[in-house]
Amino acid sequence: MKISSGNHKKLEWIWSSKVSAMAKRRTTRLTLFVITFLSLVAFGIFVPVFALLPPLSSHSTHHPTPIKKVSAKKFEISADKFWKDGRAFQIIGGDLHYFRVLPEPGAFNFDGIANLVSFLKHCQNQGFLVMLRPGPYICGELPFIAEWDLGGFPPWLLDIKPALTLRSSDPAYLKLVERWWGALLPKIAPYLYKNGGPVIMVQIENEYGSYRNDKAYLHHLIRLAKYHLGDDVILYTTDGGTRETLEKGTIRGDAVFSAVDFTTGDNPWPIFELQKKFNAPGKSPPLSAWHTVEQTLDFIMEQTLDQMSLITRLILLPMTMYELFGLSFDAPIRETGDINNAKFKALRRVIEKYAGQSLPPVPPDNEKIGYGSIHLTKTGNLLDMLPHFDVVESENPMPMDSVGQMFGFLLYVTEYAAKDNINDRILSIPKVHDRAQVLISCSSGLKAGRPTFVGTIERWSTRRLNLPSTNCVSSINLFILVENMGRLNYGQYIFDRKGILSSVYLDGSILSKWKMYKIPIPNLNEIPENNPIKQASYSRVFDISARKKLKEKHVIVSKEPAFYAGQFHIDNEDQIKDTFISFNGWGKGTAIVNDFNVGRFWPSMGPQCNLYVPAPLLKPGENVVMIFELEDPNPELVVSFVDQPDFTCGSSKQHFRHQL
């Protein structure tokens, strides 16, 4: 993670000042540590935060920590405990997501926010320890929810022929794993705890016993890890707390430590007894992860803190990530770093009870600010910008990954003959991933004009569309804009390609001769200087600024995808605070602030009405907002920067029912 100076110092996790303050001023040191998860060839990081405590008693009285004599920095497992430099300790913690960056095939990018070495150094400087999950598959906590796009795998893997068998001993797949780990793990080795770094343990795969039974694959990963990190590195697996999942996902003996996880309401102790059967004698300290809600905190934590190390998976995830899908895990540390909420207080109450001493004061939440309403200007219709985009031509429509468009949008264009009759034509796309907007226009002649929006065809509802008669002279242009809404990351549907994945039918006949335009929506902070969308937006915005911000009210708008941009001024660094963009009155699209993609908005679906904009993305002077609106722009072309989140949009009863 790259940390810059000035106001960007706040980028030190936004929340790091909070947890660092809580970690200080303790007689018995309270240490926070981070688990980092990486993906194959892609650089994906999943960051849970942990507190290391000495062994805790079920009573409030503090007991001395057992001590073993050691001559050097050492992390080990013995006597069913974790030991660090001869002192037993216990793990209490939760997860926090971190950004991921996807390089091109064969090109490993460790720069910018993908700077792993800088990230590990920063963890160490903050007093964190690190448990590393290099994958190759990094995460799949919830079936059918894209917690990590494709589980962290780079999507170009899906286009390799013959098709790879992911997460298996398929030789072609293992060759790619070897190349990735050959680049990644040597960067990790100097930062192992034994070498003076923060990395204490390395995880092999993730919950593999719930997916497949391929011991050859697991053994191959173990050999690779030990080759690059040394025979004494502590490797571990994590699997569901059943005999079946542990049989398939663990390696017997003392070469790999087997951890378990369970869900809300499970009695942990029978699961920990089962865990011992899959570890060598004395090598089974209770280490677990569970999905929890506030009502169960006291029961589960008080049942487990006395004797175990605990990873409370998901409880620290930014809430908006799951709120977007209608799943409220109500994270105690919000995406803004805020902690003034009931769940954080419940966690703190139970931890303090078993720590046997008072915890440091809780710092206040970060200050938020509302910068007010900002008038945007339409900088271009998507279809007018096609000459500036890369295009691929093919007889039949191709998937997004086959044309090199891994994320975002791909526009499919063809034409069909006009007919004299006035009957509607029937358009059918049997398989589209994930959402297609359909527009038509006359190819030429006096009737040629702006495209007409027809409707949408969605993965979870592949309905047919009636294409209206147009009275066009010769032929009709057909535009199909397909949005990749995130790849599945778990289960039998993990091989999740995007785009149009079947033939396209008009009145039962196959349409051919397609052009596919790659829409260059920037991914995170990766935006080339020659990006035509950026150039058009900045040119139009600053031209208007030079003419003293021409105001356009109640602009005539249509359901044609288009780009909008505007700017707002911040006088000085003292005025730079966290903020939120409100999209009330807008339809569906993507927002970019100062070249950084802050996310997608869809207020009609909800529950999110706005997007979080961290302070480090802003700067003194002019700040530029760009929006790609797919359907219904706000009639007044106004967005508002407000000082609080809003989860009241859409219907709380709306749910996707995907037809996979």
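How many of the eight residues of β9 are buried? Seven of them are, and the strand is thus described as mostly covered. The model shown in these views is predicted: local features need pLDDT of at least 70, side-chain atom pairs count only at pLDDT 80 or more, and totals for chains, interfaces and linings use all residues. Residues are numbered from 1 along each chain as its sequence is written, and side-chain values use heavy atoms, with hydrogens and water left out.

**View 1. Strands β8 and β9 pair in the parallel sense.** Helices (H or I, at least four residues) and strands (E, at least two) are DSSP runs, numbered from the N terminus. Six bridges link β8 and β9; two strands pair if DSSP finds at least two bridges between them. T238 stands opposite A259 in β9. Together with α5, the two strands make a right-handed β-α-β unit. A crossover is right-handed if, with the strands pointing away from the viewer, the path from the first strand over the helix to the second runs clockwise. Seven of the eight residues of β9 are buried, where buried means under 20% relative accessible area, exposed over 50%, and partly exposed in between (1.4 Å probe, protein chains only).

**View 2. Helix α4 covers residues 215-229.** Its 15 residues reach 21 Å from the first C-alpha to the last, close to the expected 21 Å at 1.5 Å a residue; the expected span is 1.5 Å times one less than the number of residues. Among the buried residues of α4 are Y217, L218, L221, I222, A225 and L229. An α-helix has 3.6 residues a turn, so residues three or four places apart point the same way. The buried residues of α4 pack against α3 (171-188), β7 (199-203), β8 (235-240), α5 (243-249) and β9 (256-263). Just after the helix, G230 takes a positive phi of about 100°.

**View 3. Strands β28 and β29 form a hairpin.** The pairing of β28 (residues 589-593) with β29 is antiparallel and runs over five bridges. F601 in β29 is the bridge partner of G589. Two residues lie between the strands, and N594 in the turn has a positive phi of about 50°. Five of the six residues of β29 (residues 596-601) are buried.

**View 4. E458 lies in strand β19 (residues 452-458).** With a relative accessible area of 15%, E458 is buried. Its side chain makes a polar contact with the side chain of R435 at 3.2 Å. A polar contact is a pair of N or O atoms within 3.5 Å; within protein, one must be able to donate a hydrogen and the other to accept it, and residues adjacent in sequence count only if both atoms are side-chain atoms. Leaving aside neighbours within four places in sequence, E458 is in contact (heavy atoms within 4.5 Å) with V432, D434 and R435.

View 5. Most residues other than glycine have a negative phi, and most peptide bonds are trans.
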